[in-house]
Amino acid sequence: MVISTDLNSDFLSLDEKERYKKHLTLKEIGFKGQLKLKNSSVICIGAGGLGSSVLLYLAAAGIGRIGIVDNDQVEKSNLQRQIIHETNTVGNLKINSAQERIKRFNPNIEVTTFNKRINSENVIEIIKDFDIICDCSDNFGTRYLINDACLILNKALVFGSVQGFEGQISVFNLNKKSPNLRDLLPESPVKNNIPSCEEFGVVGVSTGLIGILQVNEIIKIILNKGEILDGKIMIFDLLNMNIKTLNLKSDKLNKNIKNLSQFEDFYKDNECQDNIKIKKINAKEFNTLYKAKLNKILLIDVREEEEFNKCSIKGSISIPINNLEQKSHLEFIKQESLVKEIFTLCQLGKRSEKASKILMKFKISSTSIEGGMKKINQVIIG
């Protein structure tokens, strides 16, 4: 694998020399190595638990260009592990929260953001201009998609995953003989009843540890130093402090990916029910309905209480999305749905979509307001 030098920098500024002083004194890095880091680019798919520590340590290491792909918003429940985000960024897009934190942390870094959920139609275009791809996604469909796109583009892929107190890390597709995700998991674990994203928890430090180790592999790949986890997978059990490394073998059949239409079934994110179609309404249409039929509407604001207290719509009720599945809330909403039309609302529209999907699981019909409070404020209800 060849690391590009598109930035073509052959110097370090005074700020960089001071900032990376401890790198410059390492014989494995030094001045030339730091230039390699500066002239490299890495894209991180996901700005959640793994992505948080990955992005912070990529910026700390001096990676010249960092890409961030995510279309979700920061929720309070994220903060237990997603350390790049802060309480005051709850409700903001994760890519914006992460970008702002990186720029405050290290202003020398160029950050490119993609407010998208990657799919078979956009993944090639998004990742093609980056040297190394770092998989920080949280579902198997996306992991297979990233893996196959890297095979097509001949990109090195640094893989990480966590669940509970356990974590895994490996490097795929580093060279022609390297194994890839399909050598590790020929069949999607979703089909074997692996717990869904709604069902399993995770201890915050596990995402931090695996994310840091992903960056360690990235640095070694760029510098071409040390033993890289190519053809190996490390498995961590943090509860019992067990660590083991297993060897992976490459099968030529698993490299035979010509285009992403070959394996569409692998890319379906069944775990998080992203294929569920919900009803949506734009802010202007809702404004008209709100004024005409206020007493026939139950408007559920699923933002955090702090957001609701700062700004809310008259007549709306506050049920933060993480409390939505409480039995008392569901019973209340179901009863109200017999006589009222249910609408879900958040700051930008993403959490309300998720809320409507949750309600659908309990056979409660609802409509998500597109663009959330941001669009509502532009229309001005009342």
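In this predicted model, the loop that connects helix 2 (21-24) to helix 3 (30-38) contains Lys 27. Lys 27 has a relative accessible area of 75% and is therefore classed as exposed. On the surface, Lys 27 gathers with Lys 32, Lys 36 and Lys 225 in a patch of positive charge.

Leaving aside residues up to four places away in sequence, Leu 12 touches Lys 17, Leu 24, Phe 31, Gln 34, Leu 35 and Lys 38.

Attention now turns to the pairing of charges. Side chains of opposite charge can pair when their charged atoms come close. The structure holds 16 salt bridges, and among them is one between the side chains of Arg 19 and Asp 15, with an N to O distance of 3.2 Å. These two residues sit four positions apart in helix 1, so about one helical turn separates Arg 19 from Asp 15. Arg 19 is partly exposed at 35% relative accessibility, and for Asp 15 the value is 35%, again partly exposed.

A second salt bridge brings together the side chains of Asp 72 and Lys 354, at 3.6 Å from N to O. Asp 72 belongs to the loop between strand 2 (65-69) and helix 5 (94-105), whereas Lys 354 is part of helix 14 (residues 350-361), so this pair ties together parts that lie 282 residues apart in sequence. Asp 72 is partly exposed, at 22% relative accessibility, and Lys 354 is also partly exposed, with a relative accessible area of 29%.

Lys 354 has a further partner in Glu 75, and their side chains meet in a salt bridge of 3.2 Å, N to O. Here too distant parts of the chain are linked, with Lys 354 in helix 14 and Glu 75 in the loop between strand 2 and helix 5, 279 residues apart. Glu 75 counts as buried, its relative accessibility being 5%. Through salt bridges that share partners, Asp 72, Glu 75 and Lys 354 are joined into one network.

Conventions: Residues are numbered from 1 along each chain as its sequence is written. This is a predicted model: local features need pLDDT of at least 70, side-chain atom pairs count only at pLDDT 80 or more; totals for chains, interfaces and linings use all residues. Side-chain values use heavy atoms; hydrogens and water are left out. Patches are made of residues with over 30% relative accessible area and no salt bridge: like charges are joined within 9 Å, nonpolar side chains (Val, Leu, Ile, Met, Phe, Trp, Tyr) within 5 Å. Accessible areas come from the Shrake-Rupley method with a 1.4 Å probe; for residues, only the protein chains shown count as cover. A salt bridge is a side-chain nitrogen of Lys or Arg within 4 Å of a carboxyl oxygen of Asp or Glu. Lys and Arg count as positive and Asp and Glu as negative; His and the chain ends are not counted. The place of a charge is taken as NZ of Lys, CZ of Arg, CG of Asp or CD of Glu. Buried means under 20% relative accessible area, exposed over 50%, partly exposed in between (1.4 Å probe, protein chains only). Contact means heavy atoms within 4.5 Å.
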